[in-house]
Number of protein chains: 2
Amino acid sequence: MSEPANRNSGESLLFLTDEQLRKGIEAMFFAYRGFTADPDRILADMAYGRAHHRAIHFIRRSPGTTVNNLLTILGVTKQSLNRVLRTLIEDGLVESRVGRRDKRERHLYLTERGADLEGQLSDAQRERMRAAYRAAGPAAVAGFRQVLEAMMDPEIRHHYDRLKDGSS
Amino acid sequence: MSEPANRNSGESLLFLTDEQLRKGIEAMFFAYRGFTADPDRILADMAYGRAHHRAIHFIRRSPGTTVNNLLTILGVTKQSLNRVLRTLIEDGLVESRVGRRDKRERHLYLTERGADLEGQLSDAQRERMRAAYRAAGPAAVAGFRQVLEAMMDPEIRHHYDRLKDGSS
DNA sequence: CTTGGAGTGTCAACAAGACTGACATATTAT
DNA sequence: ATAATATGTCAGTCTTGTTGACACTCCAAG
């Protein structure tokens, strides 16, 4: 193929072979396995799974969020989320309060016990993230976030951006 | 909280708050959704799922790989993989050849039809990866890979490193 | 005030894809 | 010969996702 010999450095560095992209795809696959490994190990001992982890993560992140909002963020059906929420509420990890303005809505909060579990799971996951950040260095971390953000669907990106940012 | 006012820049930039790490965790979660979205859409029309995609990806990557090897890379049980492989072989997307040195082993190859599907799925996934790489720039891509690699379990990292690298 | 629609909860049925455990069969290594 | 390895398969379970249907509460528009 007739690739021009000289271009500016930005463009030439952005000539990406299929093999380079493939390696990036594999990095995502393997890294995600590591990313979920620690919480999964903790959850395996209890009657909970990854879905419960996700629910309590985002409830802790946005206390008082509604079921519908959580639905959108998690990208699952209400039936699927409801099963998870029901067990968490029954077990006393999550509290569901009827909305005062709109009584159809349920606002979700972690109980003390729920916050305990969330902390335990988050600690494990953050520890791995922290170790990876330290190993890679600050510049790498910035790049990491940039690429991940560019990989999100625009709608999802919108929800992501609305979550409190810890970069300040 | 007696943080020394002056440290070297590397250390001070590596002081990571829980909120910063939390944001990174969420970035992984949302980005992985985008990462799998395109192949999932294609597969939804067929009788295949994400598990089939993973299998043919790594068969295409390491033609002639054995069942046991694939098992380790994918991190699933042989029963789980066998179900997937069986359908792929029955449908003529994957060929299983008895090993010539060790006749217990089965070496796996994509057929022409299998390679077609693999290409279709990979094209979609690579396109998103390429777009994200372009949007973030070359420096970000390097950091992205560094952090992901540091996040992998050491054993898995070993398998990852052994796959052909496209960075040359 | 009635009616329509939105937000929520719940029931039932189902499917993908993971798991464990047990067992069969070749084949190779000791 | 015997033990270990590589694979395949059957049976059962679990988590987590899906559709579809239906009821209830509440808000807002007519």
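Trainee: Of the atoms of DNA strand D within 4 Å of the protein, what percentage belongs to sugar or phosphate, and where do the rest belong?

Mentor: Sugar or phosphate accounts for 54% of those atoms of DNA strand D, and the rest belong to bases. This is a predicted model, in which local features need pLDDT of at least 70 and side-chain atom pairs count only at pLDDT 80 or more, while totals for chains, interfaces and linings use all residues. Residues are numbered from 1 along each chain as its sequence is written, chains are lettered from A and ligands numbered from 1 in the order in which they are written, and side-chain values use heavy atoms, with hydrogens and water left out.

Trainee: How many residues surround DNA strand D, and which are the closest?

Mentor: There are 23 of them, counting a residue as near if one of its heavy atoms lies within 4 Å of the strand, and the closest are Arg50(A), Arg54(A), Arg83(A), Asn68(B) and Lys78(B). By class, this surface has three nonpolar, nine polar and eleven charged residues, where Asp, Glu, Lys and Arg count as charged.

Trainee: What makes the approach of Arg104(B) to DNA strand D a polar contact?

Mentor: A polar contact is a pair of N or O atoms within 3.5 Å, and a polar side-chain atom of Arg104(B) lies 2.7 Å from a base oxygen of DNA strand D, so the pair falls within that limit. Phosphate oxygens of DNA strand D are approached by backbone N or O atoms, at 2.6 Å for Arg50(A) and at 3.3 Å for Val67(B).

Trainee: What relates chain B to chain A?

Mentor: A rotation of 180° with 0.0 Å of shift along its axis superposes chain B on chain A, with an RMSD of 0.1 Å (by least squares on the C-alpha atoms of residues with pLDDT of at least 70 in both). The copies are therefore related as by a two-fold rotation axis, and the C-alpha of chain B nearest that axis, 1.8 Å from it, is that of Phe144(B).

Conventions
A polar contact is a pair of N or O atoms within 3.5 Å; within protein, one must be able to donate a hydrogen and the other to accept it, and residues adjacent in sequence count only if both atoms are side-chain atoms.
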